[in-house]
Amino acid sequence: MLSNLSGKIRLAPLEILRFSLLAPRKLLDAQKFNIRYTDPSQITEIADKLRWYRYQHALMQKEVAEQIGIDRNTYIHYEEYGRDYYPIEHMEKLAGLYGVPVEDLLDEYNLFLYKGQGEQIQKIRQGLGLTQKQYAERLGVPLDHLKKWEQNHVRIYKSTWRSIFR
């Protein structure tokens, strides 16, 4: 920085500070959230993980939705508690946006779906040496449900997954 005082030019160092910006809206909420969770590995809920990464990238929900090509209201629901299922194609785009593996964004249930529920269920059943009918009886579910799960025709509900596989 230059200054001209009484005909003399003086140089003064200019210091530029660099710091992470948080989302401009609800700055206080973002600060509180980032103090509560200093690292995403401390977070178990997908909604909180998405919020944490969004704050770290100083983005608003609207901007995230635009960048991954979904409706803003859809993304807003992703950051709400109580949601069970997150479409993997959207989670892959979010992982790409934030530069993290998709597995880092998922909870146990969505990771189970991502890794192929059908193959995993079939592997467990075959490891027990049971037929589909025997395994369905053992689990207390209709045989057609088990068949659809193994063929990935129907997604297993989180409550059912929790009671059977967790």
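Author: Happy to walk you through it. This is a predicted model, in which local features need pLDDT of at least 70 and side-chain atom pairs count only at pLDDT 80 or more, while totals for chains, interfaces and linings use all residues. Residues are numbered from 1 along each chain as its sequence is written, and side-chain values use heavy atoms, with hydrogens and water left out.

Let us start with the helix itself. Helices are DSSP runs of H or I with at least four residues, numbered from the N terminus, and α5 covers residues 88–98. Within α5, His 90, Met 91, Leu 94, Ala 95 and Tyr 98 are buried, where buried means under 20% relative accessible area, exposed over 50%, and partly exposed in between, using a 1.4 Å probe and protein chains only. These five residues of α5 cover an arc of only 140° around the axis, so they sit on the same side of the helix; the arc is that of the directions from the helix axis to the C-beta atoms.

After α5 comes Gly 99, whose phi is positive, near 70°.

Next, the core. A nonpolar core is a set of buried Ala, Val, Leu, Ile, Met, Phe, Trp, Tyr and Cys residues joined through side-chain atoms within 4.5 Å. The largest one has 26 residues, and Met 91, Leu 94 and Tyr 98 are among those with the most contacts inside it. Two or more residues come from each of α1 (27–36), α2, α3 (61–68), α4 and α5, and α2 gives the most, with six residues. Leaving aside neighbours within four places in sequence, Tyr 86 touches Ile 46, Ala 47, Leu 50, Tyr 78, Glu 80, Met 91 and Asn 110.

Now look at the loop between α4 and α5, where Glu 79 lies. Glu 79 forms a salt bridge with Arg 51, their closest N and O atoms being 3.6 Å apart; a salt bridge is a side-chain nitrogen of Lys or Arg within 4 Å of a carboxyl oxygen of Asp or Glu. Arg 51 belongs to helix α2 (residues 46–56), so this pair ties together parts that are 28 residues apart in sequence. Glu 79 also meets Arg 54 in a salt bridge, at 2.7 Å from N to O. Arg 54 is in α2 too, so that pair ties together parts that are 25 residues apart in sequence. Both Arg 54 and Glu 79 are buried, and Arg 51 is buried as well. Asp 48, Arg 51, Arg 54 and Glu 79 are linked in a network of salt bridges.

Finally, move to the loop between α5 and α6 (108–114), where Asp 107 is found. Asp 107 is buried, with a relative accessible area of 13%. A polar atom of the Asp 107 side chain lies 2.8 Å from the backbone nitrogen of Asn 110. Not counting residues up to four places away in sequence, Asp 107 touches Thr 44, Ile 46 and Lys 158.

Definitions and conventions:
Polar contact = N/O pair within 3.5 Å; in protein donor to acceptor, adjacent residues only side chain to side chain. Contact = heavy atoms within 4.5 Å.
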